[in-house]
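Please look over the structure shown below before reading on. The report that follows takes up a sheet and a pocket in turn.

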Amino acid sequence: MVTQKLINFKSMLTLLLILAGGFGVAAPASGHPADINFHNYEVFLTSSQVEIVWGILPGPLMAEVLWNQVDANLDGQVSPQEAIRWTESELRNISLSQDNQAIPLEIDKLVWPDSLQNLLVGDQPIMVFLSGQWPAPLDKPSQIEFANQAPNSLHWYKLEAQDRLSFSVPIQRGGLIAFELASSPPGSSQEQTWTDLWESGQPE
């Protein structure tokens, strides 16, 4: 799974360089393209919980700034304690809900880059593994919303439903994604299509 993520992030780094040259996907209006943070989410929807592989790749102008912020004792290395403190603060930008009921997310695993250089070139993005339990059964369609309000960011999603679940084709607006999820969906119609696999078209 992580290998697939690294391939995605290499593509994102290339896109960042294209953005910096003024081509391709529009960057957020609040910052220079090289100041953008890319957020890549692989979301697994099961009958009991949601599992999220969240990758973060800061833009070329942001990587060293971020590293120095996290490296509290300025020894050039990021310790596990420093990494988890930063990740917990970033997690405050994220919300997940089922029918407007908030779902707490737990950090199951954190993989921090071995060096600033590996982060700069996209070889080792920051990888955060999250999970949360559904507060209610999925026997009827539930409205699911996931949002990351981090500033100066672009977001790319991949959703996969398991355990015979299906979801409506999501609506994405920047870091916000919304869809219905159910174990027994009502079926496709002219208004709504149900699926078990979906990817963002381009980062927003």
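Which residue in β13 is the bridge partner of E160? The partner is L197, and the model in which this pair is found is a predicted one.

## The sheet and its edges

Strand β8, which covers residues 153–161, pairs with β13 in the antiparallel sense, and three bridges join the two. Both belong to an open sheet of six strands with mixed pairing, in which the order runs β5-β6-β2-β1-β8-β13. Because β5 (106–111) and β13 (197–199) stand at the edges and have a single partner strand each, one side of each is left without a neighbour in the sheet. From one strand to the next, the twist averages 15 degrees.

## A helix on the sheet

Helix α3 packs on this sheet, where it touches β2 (49–58), β5 and β6 (126–133). The direction of α3 makes about 130 degrees with that of β5, one of the strands it touches.

## The largest pocket

The largest pocket holds about 210 Å³ of space, and its lining is made up of 14 residues, among which N37, M62, L66, W86 and E90 lie nearest the centre. Two or more lining residues come from each of β1 (37–45), α2 (63–70) and α3 (80–91), and α2 gives the most, with three residues.

By residue class, the lining divides into seven nonpolar, five polar and two charged residues.

Technical notes. Residues numbered from 1 in each chain as written. Predicted model: local features only at pLDDT ≥ 70, side-chain atom pairs only at ≥ 80, totals over all residues. Heavy atoms only, no water. 1 Å grid on protein atoms, 1.4 Å probe; cavity = no way out; pocket = protein on both sides within 12 Å on 5 of 7 lines; lining within 4 Å. Points joined across faces, edges and corners; volume = space filled by probe spheres on them. Helix = DSSP H or I, 4+ residues; strand = E, 2+ residues; numbered from the N terminus. Nonpolar A, V, L, I, M, F, W, Y, C, P; charged D, E, K, R; others polar. Pairing = 2+ DSSP bridges. Axes fitted to C-alpha atoms, helices over the stretch in contact; angles between N-to-C directions. Contact = heavy atoms within 4.5 Å.
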